[in-house]
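Please examine the sequence and the three-dimensional structure shown here.

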Amino acid sequence: MNTKVLMVCLGNICRSPLAEGILSSKIDPDRFFVDSAGTGGYHIGNRPDPRSIEVAAKYGLDISAQRCRKLQASDLDEFDLIYAMDRSNYKNIISLAQNKLQIVKVRLLLDETDELNKEVPDPYYGGVDGFEKVYQLIDIACDKIAQKLSAV
Ligand code: 4NP
């Protein structure tokens with residue numbers, strides 16, 4: 001059975017679509033399924049933010065076909081690993097958990113890295129530089145995750 005990985009942020013238009021696209025590019029699609037969702041429902045059905053689409057394209061990834069969806073309680077059963085971009089996302093995901101098994105699936109994405117600051121900053125209200133920084137942080141984490149997953 002495929003291992004399912006879910007990337008979660010607040011809006012599901014800036015950070016988690018990048019995380020979905022980046023991790024998908026590093027794993028075997030026959031063995032792993034990667035998706036993303038947002039804890040907030042402000043942009044359901046929308047494409048990723050144009051700045052996320054642009055920074056992904058700069059590194060050869062097309063994330064424009066993704067559509068925003070809201071995180072659901074059933075995702076905590078459905079997915080094997082759930083990565084939160086920041087602590088606020090983490091708390092919101094955990095608030096939907098119904099048992100310990102679900103809670104242990106949830107991690108901060110940057111816990112996979114040596115970064116001292118464990119949060120991927122929300123770039124929504126900032127400039128393009130913020131999206132570049134977010135891309136680099138997520139890329140490092142996804143390298144680590146892909147290495148771990150391929151070793152399984
Ligand atoms: P994301 O960024 O959580 O990385 O997708 C945000 C996108 C939209 C909003 C907040 C954060 N918003 O408030 O609409």
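Predicted model: local features only at pLDDT ≥ 70, side-chain atom pairs only at ≥ 80, totals over all residues.

In helix 2, which spans residues 50-58, the buried residues are Ser52, Val55 and Ala56. Viewed down the axis of helix 2, these buried residues fall within an arc of 100°, so they line one face of the helix. On the face of helix 2 turned away from the buried side are the exposed residues Pro50, Glu54 and Lys58.

What do the buried residues of helix 2 pack against? Their partners are helix 1 (15-24) and helix 6 (128-151). The two ends of helix 2 also deserve attention. At its start, a side-chain oxygen of Asp49 comes to within 2.8 Å of the backbone nitrogen of Arg51. After helix 2 comes Gly60, which has a positive phi, near 85°.

Helix 1 may be considered next. How many of the 10 residues of helix 1 are buried? Nine of them are, and the helix is thus described as mostly covered. Arg15, Ser16, Pro17, Leu18, Ala19, Glu20, Gly21, Ile22 and Leu23 are the buried residues of helix 1. They pack against strand 1 (3-9), strand 2, helix 2, helix 4 (87-94) and helix 6.

Strand 2 covers residues 32-38 and includes Asp35. Is Asp35 buried or exposed? Asp35 has a relative accessible area of 17%; because buried means under 20%, Asp35 is buried. Leaving aside residues up to four places away in sequence, Asp35 touches Val5, Leu6, Met7, Glu20, Arg69 and Phe79.

Around the ligand are Cys9, Leu10, Gly11, Asn12, Ile13, Cys14, Arg15, Tyr42, His43, Asp122, Tyr124 and Tyr125. By type, this shell comprises seven nonpolar, three polar and two charged residues. For Ile13, a backbone N or O atom lies 3.0 Å from a ligand oxygen. The ligand on its own has 360 Å² of accessible area, and the protein covers 92% of it.

Key. Residues numbered from 1 in each chain as written. Heavy atoms only, no water. Near = heavy atom within 4 Å. Polar contact = N/O pair within 3.5 Å; in protein donor to acceptor, adjacent residues only side chain to side chain. Areas by Shrake-Rupley, 256 points an atom, 1.4 Å probe, with all protein chains shown as cover. Nonpolar A, V, L, I, M, F, W, Y, C, P; charged D, E, K, R; others polar. Helix = DSSP H or I, 4+ residues; strand = E, 2+ residues; numbered from the N terminus. Buried < 20%, exposed > 50% of the residue type's maximum accessible area, 1.4 Å probe, protein only. Contact = heavy atoms within 4.5 Å. Arc of directions from axis to C-beta.
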